[in-house]
Amino acid sequence: MDIQWSTFWIQLIAFLILYLLLSKFAFGPLFGMMEKRRQLVKDQIQTAEASRKQADQLLEEQKQALQQTRKEAYDIIEQAKHTGSKQADDIIHAASAEANRLKDEALKDIENEKNKAVAALRSQVGAMSVLIASKIIEKQIDEKSQEELVEHYLKEVGGNV
């Protein structure tokens with residue numbers, strides 16, 4: 001195989017001319033389009049990554065909001081339990097105070113009635129004493145009869161009370 005140098009140089013020059021023409025008219029626009037495509041893909045990847053990060057951030061915010069809502073609901077329930085317990089204690093305390101007040105009033109009423117009864121009894125005893133004295137004066141009886149008479153009237157008074 002013998003190399004023909006004249007053909008070699010012609011082919012080399014034709015190749016260089018073709019290369020220069022292709023680089024000026026074809027490679028530049030082709031590489032430019034490829035660079036634009038690469039940049040577009042890169043931008044889309046960055047946009048997708050940013051969207052994913054934003055979605056993760058929103059998801060985290062939603063989780064925190066849900067957690068906060070649960071905490072607030074728990075706090076409201078606890079506060080309602082506390083308020084209900086306090087109200088129950090207040091009602092029990094008020095009922096106890098009312099019962100004590102009614103009891104005190106009843107005791108005062110009983111004491112008043114007792115005092116009225118004692119006053120009435122004293123008045124009756126006084127009247128009976130006057131009656132006994134008048135009977136004694138009327139009958140002019142001896143000591144034994146007088147004692148029997150007093151016991152008789154005391155039994156009457158005791159039976160009336």
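## Legends to the close-up views

**Figure 1. A salt bridge joins the side chains of Glu49 and Arg52.** Arg52 is partly exposed, with a relative accessible area of 42%; by definition, buried means under 20% relative accessible area, exposed over 50%, and partly exposed in between, for a 1.4 Å probe and protein chains only. The model is predicted: local features need pLDDT of at least 70, side-chain atom pairs count only at pLDDT 80 or more, and totals for chains, interfaces and linings use all residues. Residues are numbered from 1 along each chain as its sequence is written, and side-chain values use heavy atoms, with hydrogens and water left out. In the bridge, the N to O distance is 2.4 Å, where a salt bridge requires a side-chain nitrogen of Lys or Arg within 4 Å of a carboxyl oxygen of Asp or Glu. Glu49 is also partly exposed, at 33% relative accessible area. The two residues are three positions apart in helix H1, which means that about one helical turn separates Glu49 from Arg52. Helices (H or I, at least four residues) and strands (E, at least two) are DSSP runs, numbered from the N terminus. A network of salt bridges links Glu49, Arg52 and Asp56.

**Figure 2. Lys86 and Asp90 form a salt bridge.** The closest N and O atoms of Lys86 and Asp90 are 3.8 Å apart. Both residues belong to helix H1; they are four residues apart, so the separation between Lys86 and Asp90 is about one helical turn. Lys86 counts as partly exposed at 48% relative accessibility, and Asp90 is likewise partly exposed, with a relative accessible area of 42%.

**Figure 3. Glu113 pairs with Lys116 in a salt bridge.** A distance of 3.8 Å separates the closest N and O atoms of this pair. Glu113 and Lys116 lie three residues apart in helix H1, about one turn of the helix. Lys116 counts as exposed, with 54% relative accessibility, whereas Glu113 is partly exposed at 48%. In total, the count by this rule comes to nine salt bridges.

**Figure 4. The largest nonpolar core consists of five residues.** Its members are Met128, Ile132, Leu149, Tyr153 and Val157. A nonpolar core is a set of buried Ala, Val, Leu, Ile, Met, Phe, Trp, Tyr and Cys residues joined through side-chain atoms within 4.5 Å. At least two residues of this core come from each of helix H1 (5–139) and helix H2 (143–160). The largest contribution is that of H2, with three residues. In soluble globular proteins, nonpolar side chains tend to be buried together. In the protein shown, 4% of the 161 residues count as buried.

**Figure 5. Trp9 and Ala14 both lie in helix H1.** Trp9 is partly exposed, with a relative accessible area of 46%. Between the C-alpha atoms of Trp9 and Tyr153, 144 residues apart in sequence, the distance is 170 Å. Ala14 is partly exposed as well, at 44% relative accessible area. For Ala14 and His152, which are 138 residues apart along the chain, the C-alpha separation is 167 Å.

**Figure 6. Leu40 is placed in helix H1.** Leu40 counts as partly exposed, at 39% relative accessibility. Leu40 and Val118 are 78 residues apart in sequence, and their C-alpha atoms are 114 Å apart in space.

**Figure 7. The setting of these views is a protein with two helices and zero strands.** Along its principal axes, the C-alpha trace spans about 190 × 30 × 15 Å. The radius of gyration is 62 Å, while a compact globule of 161 residues would have a value near 15 Å. This quantity is taken over C-alpha atoms, and the globule rule is 2.2 Å times the number of residues to the power 0.38. The accessible surface comes to about 14,400 Å², of which 62% belongs to carbon and sulfur atoms; such areas come from the Shrake-Rupley method with a 1.4 Å probe, and for residues only the protein chains shown count as cover. The mean positions of the 22 positive and 25 negative charges are 12 Å apart. Lys and Arg count as positive and Asp and Glu as negative, whereas His and the chain ends are not counted. Each charge is placed at NZ of Lys, CZ of Arg, CG of Asp or CD of Glu.
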